[in-house]
Structures are given as structure tokens and as C-alpha cells.
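I opened the notebook to record what I looked up, entry by entry. The sequence and the model come first.

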Amino acid sequence: MLSTAHTIISITLANFSPNPGLVFTQAFVIHFLADAILHWNFLIDDKKGYPIIPAFFDVTFGLLLAWLIVGPEILTPPYLAAILGGNLPDAIIGLWTLIHPRLKKPQSKTLKYFHDFHEDVQWETTKLIKGLVPQLATIIICLFLITLY
């Protein structure tokens, strides 16, 4: 799932709880549930490497959208914790891929378990529209929930 979707899902959690630790944990766990929704994501091409530029724009767009939705309150601990927790699983895998591009899986047992679990929950499609529609629907549901509070 794109970082933009993870960010919007996460700020929805922060909208309902002022506890940064709780929100971080919830966002971290919900990251995996969100990845189990059919989605499109940038593909890591062995020949071209990690898609740094598209990932940068995805993260930036997600943060700007979060700012537009929440305003300056986005810089408060609950929202920052939510964004961090909601994006941390992908950041861990992304950093691993950047640092060790030739290794498909981490050698550390803990990182290997995390990597394998993260891969197993993914429900990705290579079809752009088919994968973006569920993400957009998820974002719209979260925006609706934010407006309720």
C-alpha cells in the first residue's frame, strides 16, 4: 500500500486518541491489516533498484495531505506517532532493500521473520487502477471518520 494511504489511515487513529504510545502501536499493527487490502505499490526492480523518487513523492504527498486535513496539529505527538507507526514497517523493509540490495531477505532471524510476515500479508496487484481504487476507498472512509470526530 502506498505511504499516502498508510499516513491517512494512521492520522485517523490519532484523531480519536491523545495517547502517542497507543496510537503508534495501533498504527503499526493496522499497517499490516491495510496491506492485506488489495493494492498497487511501486515495484522494486532488480535492474533499476529501489524506486526512491516515486517513494519520495508518495511520502511527501501523504504528509502534505495529512497537513491539509489536520492542520498544524499534525505536529503534535499523537499525530507524529501515528504517522511513524503507520509507515515504519515499510521504512524498515525499504531501508533494508537500500542498504542490502543484493540480499532478497535479511539474514538476522528477527528481521527475516518480520520481512517474511510483511511479504505474506501483502495483497498486491500490478494493475494500477485495480490497486489504486481500494486504496482511494480506504482513504475516503478514513476522511469520513475524521470528519465525524
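Before anything else I needed the meaning of a helix here: a helix is a DSSP run of H or I with at least four residues, and helices are numbered from the N terminus. I also noted that the model is predicted.

**Entry 1: charged pairs.** I asked how many salt bridges a search of the whole structure finds. The search finds 1. I then looked up which side chains meet in a salt bridge. They belong to Asp116 and Lys112, with 2.8 Å from N to O. The cut-off for this pairing is 4 Å, so the 2.8 Å of Asp116 and Lys112 falls within the limit. In general, side chains of opposite charge can pair when their charged atoms come close.

I checked where the two residues sit. Both are in helix H5, which covers residues 109–121. Because they are 4 residues apart in that helix, about one helical turn separates them.

**Entry 2: the nonpolar core.** I looked up the largest nonpolar core and found 19 residues in it. Ile8, Ile11, Ile74 and Tyr79 have the most contacts inside this core. I listed the helices that each supply at least two of its residues: H1 (3–16), H2 (20–35), H3 (52–70), H4 (77–99) and H6 (128–148). The largest share, 6 residues, comes from H1.

I followed up on Ile74. Leaving out residues up to four places away in sequence, Ile74 touches Ile11, Ala66, Trp67, Tyr79, Leu80 and Ile83.

**Entry 3: H1 against H2.** Two packed helices are described by the angle between their axes and the distance between the axes. I looked up both values for H1 and H2: the axes come within 9 Å and cross at roughly 140°. That makes H1 oblique to H2. The crossing is right-handed.

Which residues meet across this pair? From H1 I wrote down His6, Ile9, Ser10, Leu13 and Ala14. Facing them in H2 are Val23, Gln26, Ala27, Ile30, His31, Ala34 and Asp35.

**Entry 4: a glycine.** I looked up Gly21, which is found in helix H2. Its relative accessibility is 41%, so Gly21 counts as partly exposed.

Key: Residues are numbered from 1 along each chain as its sequence is written. This is a predicted model: local features need pLDDT of at least 70, side-chain atom pairs count only at pLDDT 80 or more; totals for chains, interfaces and linings use all residues. Side-chain values use heavy atoms; hydrogens and water are left out. A nonpolar core is a set of buried Ala, Val, Leu, Ile, Met, Phe, Trp, Tyr and Cys residues joined through side-chain atoms within 4.5 Å. Buried means under 20% relative accessible area, exposed over 50%, partly exposed in between (1.4 Å probe, protein chains only). Contact means heavy atoms within 4.5 Å. Axes are lines fitted to C-alpha atoms, for helices over the stretch in contact, and angles run from 0 to 180 degrees between N-to-C directions. Angles under 35 degrees count as roughly parallel, over 145 as roughly antiparallel, 65 to 115 as roughly perpendicular and the rest as oblique. A crossing is left-handed if the near helix is turned anticlockwise from the far one by less than a right angle, and right-handed if clockwise.
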